[in-house]
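Student: I would like a close look at one part of this model, and then at what surrounds that part. Keep it brisk, please.

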Amino acid sequence: MFRCSASCCEDSQATMQQVHQCIERCHAPLAQAQALVTNELEKFQDRLARCTMHCNDKAKDSMDAGKKELQVRQQLDSCVAKCVDDHMNLIPTMTKRMKASLSSIGK
(Lines give C-alpha, C1' and ligand atoms only; values in the text may rest on other atoms or scores of the structure.)
Protein backbone atom coordinates (compact mmCIF):
# COMPACT_ATOMS: atom_id res chain seq x y z
CA MET A 1 0.00 0.00 0.00
CA PHE A 2 2.79 2.45 0.91
CA ARG A 3 4.80 1.65 -2.23
CA CYS A 4 1.68 2.01 -4.31
CA SER A 5 0.91 5.38 -2.70
CA ALA A 6 4.49 6.53 -3.18
CA SER A 7 4.36 5.64 -6.87
CA CYS A 8 1.21 7.76 -7.19
CA CYS A 9 3.18 10.75 -5.97
CA GLU A 10 6.00 10.13 -8.44
CA ASP A 11 3.84 10.84 -11.47
CA SER A 12 4.80 14.43 -12.27
CA GLN A 13 2.12 14.70 -14.98
CA ALA A 14 -0.76 13.86 -12.62
CA THR A 15 -3.04 16.48 -11.13
CA MET A 16 -3.61 16.64 -7.39
CA GLN A 17 -7.00 15.03 -7.89
CA GLN A 18 -5.48 12.18 -9.91
CA VAL A 19 -2.81 11.62 -7.26
CA HIS A 20 -5.47 11.61 -4.53
CA GLN A 21 -7.61 9.10 -6.46
CA CYS A 22 -4.56 6.92 -7.06
CA ILE A 23 -3.70 6.93 -3.35
CA GLU A 24 -7.31 6.07 -2.47
CA ARG A 25 -7.16 3.09 -4.86
CA CYS A 26 -3.97 1.97 -3.10
CA HIS A 27 -5.64 2.18 0.32
CA ALA A 28 -8.84 0.39 -0.71
CA PRO A 29 -7.58 -3.19 -0.18
CA LEU A 30 -6.30 -2.35 3.31
CA ALA A 31 -9.58 -0.67 4.22
CA GLN A 32 -11.46 -3.76 2.96
CA ALA A 33 -9.22 -6.05 4.99
CA GLN A 34 -9.66 -3.98 8.14
CA ALA A 35 -13.44 -3.94 7.69
CA LEU A 36 -13.53 -7.70 7.14
CA VAL A 37 -11.48 -8.48 10.26
CA THR A 38 -13.41 -5.96 12.36
CA ASN A 39 -16.72 -7.48 11.23
CA GLU A 40 -15.62 -11.04 12.02
CA LEU A 41 -14.35 -10.07 15.47
CA GLU A 42 -17.53 -8.12 16.24
CA LYS A 43 -19.67 -11.13 15.32
CA PHE A 44 -17.49 -13.35 17.52
CA GLN A 45 -17.74 -10.94 20.46
CA ASP A 46 -21.51 -10.62 19.99
CA ARG A 47 -21.95 -14.40 20.05
CA LEU A 48 -19.81 -14.70 23.18
CA ALA A 49 -21.72 -11.85 24.84
CA ARG A 50 -25.07 -13.52 24.04
CA CYS A 51 -23.82 -16.77 25.54
CA THR A 52 -22.67 -15.11 28.76
CA MET A 53 -25.93 -13.12 28.91
CA HIS A 54 -27.78 -16.44 28.77
CA CYS A 55 -25.65 -17.63 31.71
CA ASN A 56 -26.52 -14.47 33.65
CA ASP A 57 -30.22 -15.00 32.96
CA LYS A 58 -30.03 -18.61 34.17
CA ALA A 59 -28.22 -17.49 37.32
CA LYS A 60 -30.83 -14.80 38.01
CA ASP A 61 -33.62 -17.33 37.49
CA SER A 62 -31.89 -19.71 39.92
CA MET A 63 -31.55 -16.96 42.54
CA ASP A 64 -35.23 -16.06 42.07
CA ALA A 65 -36.10 -19.75 42.53
CA GLY A 66 -34.39 -19.68 45.92
CA LYS A 67 -31.13 -21.47 45.20
CA LYS A 68 -28.20 -20.63 47.44
CA GLU A 69 -25.74 -18.00 46.29
CA LEU A 70 -22.76 -20.35 46.30
CA GLN A 71 -24.63 -22.87 44.17
CA VAL A 72 -25.71 -20.15 41.73
CA ARG A 73 -22.17 -18.75 41.55
CA GLN A 74 -20.82 -22.22 40.71
CA GLN A 75 -23.53 -22.65 38.07
CA LEU A 76 -22.67 -19.26 36.58
CA ASP A 77 -18.93 -19.98 36.58
CA SER A 78 -19.51 -23.33 34.91
CA CYS A 79 -21.81 -21.83 32.29
CA VAL A 80 -19.43 -18.98 31.43
CA ALA A 81 -16.48 -21.40 31.26
CA LYS A 82 -18.48 -23.51 28.77
CA CYS A 83 -19.20 -20.39 26.70
CA VAL A 84 -15.51 -19.58 26.57
CA ASP A 85 -14.55 -23.16 25.69
CA ASP A 86 -17.20 -23.37 22.97
CA HIS A 87 -16.11 -20.06 21.48
CA MET A 88 -12.42 -20.94 21.65
CA ASN A 89 -13.30 -23.91 19.44
CA LEU A 90 -14.78 -21.51 16.88
CA ILE A 91 -11.52 -19.58 16.44
CA PRO A 92 -9.86 -21.96 13.94
CA THR A 93 -12.91 -21.86 11.65
CA MET A 94 -13.15 -18.09 11.98
CA THR A 95 -9.44 -17.79 11.17
CA LYS A 96 -9.80 -19.95 8.05
CA ARG A 97 -12.78 -17.90 6.91
CA MET A 98 -10.88 -14.64 7.42
CA LYS A 99 -7.79 -15.97 5.60
CA ALA A 100 -9.91 -17.07 2.65
CA SER A 101 -11.67 -13.72 2.50
CA LEU A 102 -8.44 -11.75 2.93
CA SER A 103 -6.69 -13.68 0.18
CA SER A 104 -9.41 -12.69 -2.30
CA ILE A 105 -9.02 -8.96 -1.59
CA GLY A 106 -7.16 -7.09 -4.28
CA LYS A 107 -7.34 -9.88 -6.83
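Student: Where do Arg73 and Glu69 lie, and how many residues apart are they?

Tutor: This is a predicted model. Arg73 and Glu69 both belong to helix 3, which covers residues 69-88. They are four residues apart, about one turn of the helix. Their side chains form a salt bridge, with the closest N and O atoms 2.7 Å apart. Arg73 has 46% relative accessibility and counts as partly exposed. Glu69 is also partly exposed, at 49%.

Helix 3 holds another such pair. Asp86 and Lys82 are likewise four residues apart in helix 3, about one turn of the helix. Their side chains meet in a salt bridge at 2.9 Å, N to O. Asp86 is partly exposed, with 32% relative accessibility. Elsewhere, salt bridges with shared partners join Glu40, Lys43 and Arg97 into one network. The total is five salt bridges.

Glu40 has 9% relative accessibility, so it counts as buried, the cut-off being under 20%. Arg97 has a relative accessible area of 40% and is partly exposed.

Back to helix 3, and to its partner. The axes of helix 2 and helix 3 lie 9 Å apart, and the two helices pack at an angle of about 165°. Helix 2 and helix 3 are therefore roughly antiparallel, since angles over 145 degrees count that way. Their crossing is right-handed. On the helix 2 side, the contact residues include Phe44, Arg47, Leu48, Cys51, Cys55 and Lys58. On the helix 3 side, they include Glu69, Val72, Leu76, Cys79, Cys83 and His87. By class, this contact has twelve nonpolar, five polar and three charged residues.

At 8% relative accessibility, His87 counts as buried. Leaving aside neighbours within four places in sequence, His87 is in contact with Phe44, Arg47, Leu48 and Cys51.

Now compare the other packing of helix 2. The axes of helix 2 and helix 4 come within 10 Å and cross at roughly 160°. That angle makes helix 2 roughly antiparallel to helix 4. This crossing, too, is right-handed. Helix 2 brings Ala33, Leu36, Val37, Glu40, Leu41 and Phe44 to the contact. Helix 4 brings Ile91, Met94, Arg97, Met98, Ser101 and Leu102. By class, the contact has nine nonpolar, one polar and two charged residues.

Technical notes
Residues numbered from 1 in each chain as written. Predicted model: local features only at pLDDT ≥ 70, side-chain atom pairs only at ≥ 80, totals over all residues. Heavy atoms only, no water. Salt bridge = Lys/Arg side-chain N within 4 Å of Asp/Glu carboxyl O. Buried < 20%, exposed > 50% of the residue type's maximum accessible area, 1.4 Å probe, protein only. Axes fitted to C-alpha atoms, helices over the stretch in contact; angles between N-to-C directions. Parallel < 35°, antiparallel > 145°, perpendicular 65-115°, else oblique. Left-handed = near helix turned anticlockwise from the far one by under 90°. Contact = heavy atoms within 4.5 Å. Nonpolar A, V, L, I, M, F, W, Y, C, P; charged D, E, K, R; others polar.
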